[in-house]
Amino acid sequence: MTALLARTAAPGRPFDRPRPAFGAVLLLLAGVVALQVGLQTGGRNDDAELLLFSQSLALGYDPLNPPLVVWLHGAVAQVLGPTLLSTRVLIAALLFAAYPLAWAATRQLTSDRAMATLAGLSLAGLVAWNWAPHLNLSHTVAMTTASFALLWAVLRLLARPDSWRAWLLAGLIAGLGLLTKYNFALVLLAVVLAGLTTPTTRRVLLGGGGRLAAAAGVTFVVAAPHYLWLVTQGSALIGLVDAKLGRDAPQAGAWDGIASGLATLGEHAAMVLLPAVAVALLVFAPALWRALRWPLPVAPVTRDRLVFAALVPVLVFGQLAALVLLAGVTEIGPHHVYPLILVVVPLFAALARGRPGPTSRGLFALVMGLLMLAVPLFLARFIVTTAATCEAKCNTALPYAAYAAQVQEAGFTGGTVVLLGRVHHLPLEHLRPHLPAHTRLLRTGDPQKSDFVPPRRGSEGDCLVLWPAERAPAMAQRLRDTGIPGLDATLPTNATLGVATGTLALSGRPAPDVGYALVPGGIGRCR
């Protein structure tokens, strides 16, 4: 049996070293991007949001997400153009960065390079990391990668408490993390509380003096401008957050709502760690038993750092539970619990203390490799199946190029395009690479995006309004009666009305019709 396991594990053994392991991840991500760009005509609503907001540089874009990911996409789009490729390359880069960061953080806790590598490689075995972000996540990915970076930086700081560079780097990462997603604040608070819990880490943090003040100053300088902008959003911010978190639900604060919120939190917490964590506990069970039954002597400083790293995800979970219990938050989504993925760092450092052998390491790496190989296969199937069976959400197969060609044939030469309807059903932001370069896109009818009005790209231009024709058959008359949302202009009677049609990619099925109203030369602020 031992010989059989050793032979089975042999293909995975090379992947307990950083270069082969992370090289394989890089190839996987490159293949996924190629698959999406080759088979899809567009992405989903997170991709659409990046294409919309990256039209201009601003301190903030909407009150629900900080701007760092949009800024990064703007930089990538300068090189690759405002396309699906630019959004997918950015997300792939953010995903990849977490792998070596998890390895580097674990290396701060153990001298076992192989187990540190497997800590990073374990992310490839998480559905939450190696599948869901390929469908529709952006800010959450950046926040999680920033969390790994912060954990690594603070562990490095604890080992070099006299290094100004280590303190300033931690402050910079904390500031950038606060610009990825607002619940990064939970990670930052968890890091501080965990650091104050154990004696040696507490001594470093409280003894930081001027270095701590400088690090906090860097964090403030990086994050404060956006958060000052956020304060100006006032009631719009409160309303959107309440709706997003379920605090406007009737059951908020009642026991039924709290019980439901806690159950949802527990379910998402378990799902975000599967299957890699379960596989690790199974494959490395003998090592875990040895680590618990016959623990190796360890210096107090090393023990405290391991406890610190383990407490960070625990305290993040505790804060989320407190939000349910004390603030009536009933809508905990899967993306809220992504910081719990940090658990792989202390887990693999603890497993390393049980001295796992090459067979168990090879088996774990082999399973992670098989899970990696499954991703492009299932993704290709998902893309093709979506095109063949979708009803309401056909975003990845919509004929954006055909829509753009038809409105340009109708006379649109550039200017302002107002997108109406729900982005989840019709993310027409993917028209951007197909329209004239001096075109700006607006979603003035969307409460979350209505305040985003990038500057016009020229002094003159046309006004084009687009909407889902089947869902809003009376939209043209409504635009004449009540005006174009947010632009103080009513549709003139001589506007060119029409419907853009097309077929879904891969399947040839009829695509949703897009109604349009075109005003050559523009009208009011729509030009």
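## Disulfide of Cys463 and Cys526

In this predicted model, Cys463 and Cys526 are joined by a disulfide, with their sulfur atoms 2.0 Å apart. The link is right-handed, with 85° about the S-S bond. Cys463 belongs to strand 3 (residues 462–468), whereas Cys526 falls in the segment after strand 5 (514–519), so the bond ties together parts that are 63 residues apart in sequence.

Cys463 has a relative accessibility of 0% and therefore counts as buried. Cys526 is likewise buried, at 0% relative accessibility.

## Disulfide of Cys390 and Cys394

The protein has 2 disulfides. Cys390 and Cys394 form one of them, their sulfur atoms lying 2.0 Å apart. The torsion about the S-S bond of this pair is about 110°, so the disulfide is right-handed.

Cys390 has a relative accessible area of 8% and is buried; Cys394, at 4%, is buried as well. Counted along the chain, the bonded cysteines of the protein follow the pattern 1-2, 3-4.

## Packing of helix 1 and helix 20

Helix 1 (residues 2–9) packs with helix 20 (residues 358–389) at an angle of about 45°, and the axes are 8 Å apart. The two helices are therefore oblique to each other, and the crossing of helix 1 and helix 20 is left-handed.

Helix 1 contributes Leu5, Ala6, Thr8 and Ala9 to the contact, while helix 20 contributes Thr359, Gly362, Leu363 and Leu366. By residue class, the contact of helix 1 with helix 20 comprises 5 nonpolar and 3 polar residues, with no charged residues.

Conventions: Residues are numbered from 1 along each chain as its sequence is written. This is a predicted model: local features need pLDDT of at least 70, side-chain atom pairs count only at pLDDT 80 or more; totals for chains, interfaces and linings use all residues. Side-chain values use heavy atoms; hydrogens and water are left out. Axes are lines fitted to C-alpha atoms, for helices over the stretch in contact, and angles run from 0 to 180 degrees between N-to-C directions. Helices (H or I, at least four residues) and strands (E, at least two) are DSSP runs, numbered from the N terminus. Angles under 35 degrees count as roughly parallel, over 145 as roughly antiparallel, 65 to 115 as roughly perpendicular and the rest as oblique. A crossing is left-handed if the near helix is turned anticlockwise from the far one by less than a right angle, and right-handed if clockwise. Contact means heavy atoms within 4.5 Å. Ala, Val, Leu, Ile, Met, Phe, Trp, Tyr, Cys and Pro count as nonpolar, Asp, Glu, Lys and Arg as charged, and the others, Gly among them, as polar. A disulfide is a pair of cysteine sulfur atoms within 2.5 Å. Buried means under 20% relative accessible area, exposed over 50%, partly exposed in between (1.4 Å probe, protein chains only).
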